[in-house]
Amino acid sequence: MLTDLKRAVLLTISAPIKPGSVHRLMGDADFERRLLEYVAVEPHLEEAYRRGRALGEGKLSAQELGLGEVLARALKDSFESSGETPLVGLWSAAVTAAAMVGYSSASNVKMYESLRTLITRILYSSLPDDVIDLVEGIGDSGDVDLLEHLSRRNLTENYVKSNGLSLGDAFELLSEVDRGFSINLKGYEWLLGLTRLYEGLRSPLAGVVRVYLAVASELSMSPELLDLSKRREIDPSQLLRADRQLSSMRGSLNRSLGAVFLSLFLAMASGKAPRGF
């Protein structure tokens with residue numbers, strides 16, 4: 001399943017045309033930068049998988065998993081690979097999902113059917129130190145908007161420790177800005193609902209675009225995306241036109257990608273997404 005997870009990440013990044021977001025047909029170098037970020041994050045996917053598997057085998061306790069540390073290193077390395085603010089929500093979602101895949105592979109728990117159980121075990125059993133590590137990683141990534149959001153919600157180190165917050169609690173707050181953090185107890189049913197958008201499609205790429213339009217239109221309140229998301233058939237020229245119109249919103253629209261990845265990976269795990277190729 002880890003191979004499927006990596007495949008879902010790459011399909012999410014590359015699938016054309018996601019208006020206003022990164023895709024392989026875009027005219028500047030942003031797509032290549034995001035590939036460099038993926039290369040930097042991939043070792044941390046492997047590490048998260050190994051730790052999750054060790055947890056499932058009983059070699060680690062949930063408090064010893066150290067997922068916050070893995071997330072922080074992944075975000076720092078992704079920033080250093082490209083010199084740009086990385087796709088924080090996407091990489092955080094991928095690392096978290098990799099830990100869940102490792103746990104499920106060792107404990108014979110199915111990813112799609114037992115998502116709530118996995119979220120509880122991996123995220124809500126973590127320590128306040130994991131949250132502090134994650135916040136430091138977000139700082140190292142240069143994502144000022146996420147840091148300001150956490151500051152407005154009073155997520156200080158003292159507050160985290162005194163209230164015993166977990167990564168699950170932090171993900172709930174962060175998902176208000178970046179949908180990649182929707183893999184929490186408040187957002188997982190929404191993610192599962194997105195997997196239905198892949199049904200009946202011939203290609204996973206078509207599903208990625210369909211889910212992106214749904215998530216991005218809700219996140220950005222863009223009239224262009226809202227109109228496209230309601231159409232059953234979309235002319236590629238309409239996607240190209242919208243892509244040009246929304247290029248200035250790329251930073252905010254990229255915050256849809258983590259949820260798109262999670263929906264694709266879960267749809268693959270459940271058999272709802274077409275294999276495509």
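Modeller: Let us begin with a network of salt bridges that links Asp28, Asp30, Arg33, Arg34, Glu37 and Arg250. The model is a predicted one. The count of salt bridges comes to 20.

Colleague: What makes the pair Arg34 and Asp30 a salt bridge?

Modeller: The side chains of Arg34 and Asp30 approach to 3.2 Å, N to O. A salt bridge requires a side-chain nitrogen of Lys or Arg within 4 Å of a carboxyl oxygen of Asp or Glu, so the pair qualifies. Side chains of opposite charge can pair when their charged atoms come close.

Colleague: Why are Arg34 and Asp30 separated by about one helical turn?

Modeller: Because they are four residues apart in helix H2, which covers residues 30–56.

Colleague: How do you know whether Arg34 and Asp30 are buried or exposed?

Modeller: Arg34 has a relative accessible area of 7%, and Asp30 has one of 3%. Buried means under 20%, so Arg34 and Asp30 are both buried.

Colleague: How are the side chains of Lys59 and Glu57 described, and on what grounds?

Modeller: They meet in a salt bridge, with N to O at 3.3 Å. That value lies within 4 Å, and therefore the pair is counted.

Colleague: Which term of accessibility applies to Lys59, and which to Glu57?

Modeller: Lys59 has a relative accessible area of 60%, which is over 50%, so Lys59 is exposed. Glu57, with 37%, falls between 20% and 50% and is therefore partly exposed.

Colleague: Why is the contact of Asp227 with Arg231 called a salt bridge?

Modeller: The closest N and O atoms of Asp227 and Arg231 are 2.6 Å apart, and so they are within 4 Å. Asp227, at 38% relative accessibility, counts as partly exposed. Arg231 is partly exposed as well, with a relative accessible area of 34%.

Colleague: Let us turn to the pockets. What is the volume of the largest pocket, and which residues lie nearest its centre?

Modeller: Its volume is about 570 Å³. Of the 18 residues that line the largest pocket, Ala206, Arg210, Arg232, Glu233 and Ile234 lie nearest its centre. Helices H11 (204–220), H12 (223–229) and H13 (236–245) each supply at least two lining residues, and H11 gives the largest share, with five.

Colleague: How does the lining of the largest pocket divide into nonpolar, polar and charged residues?

Modeller: Twelve are nonpolar, one is polar and five are charged.

Colleague: And how does the lining of the second largest pocket divide?

Modeller: That lining has six nonpolar, six polar and six charged residues. The second largest pocket has a volume of about 280 Å³. It is lined by 18 residues, with Thr85, Pro86, Asp143, Gly251 and Arg255 nearest its centre. Two or more lining residues come from each of helices H4 (88–107), H7 (144–152), H14 (250–253) and H15 (257–270); the largest share, three residues, comes from H4.

Notes: Residues numbered from 1 in each chain as written. Predicted model: local features only at pLDDT ≥ 70, side-chain atom pairs only at ≥ 80, totals over all residues. Heavy atoms only, no water. 1 Å grid on protein atoms, 1.4 Å probe; cavity = no way out; pocket = protein on both sides within 12 Å on 5 of 7 lines; lining within 4 Å. Points joined across faces, edges and corners; volume = space filled by probe spheres on them. Nonpolar A, V, L, I, M, F, W, Y, C, P; charged D, E, K, R; others polar. Buried < 20%, exposed > 50% of the residue type's maximum accessible area, 1.4 Å probe, protein only.
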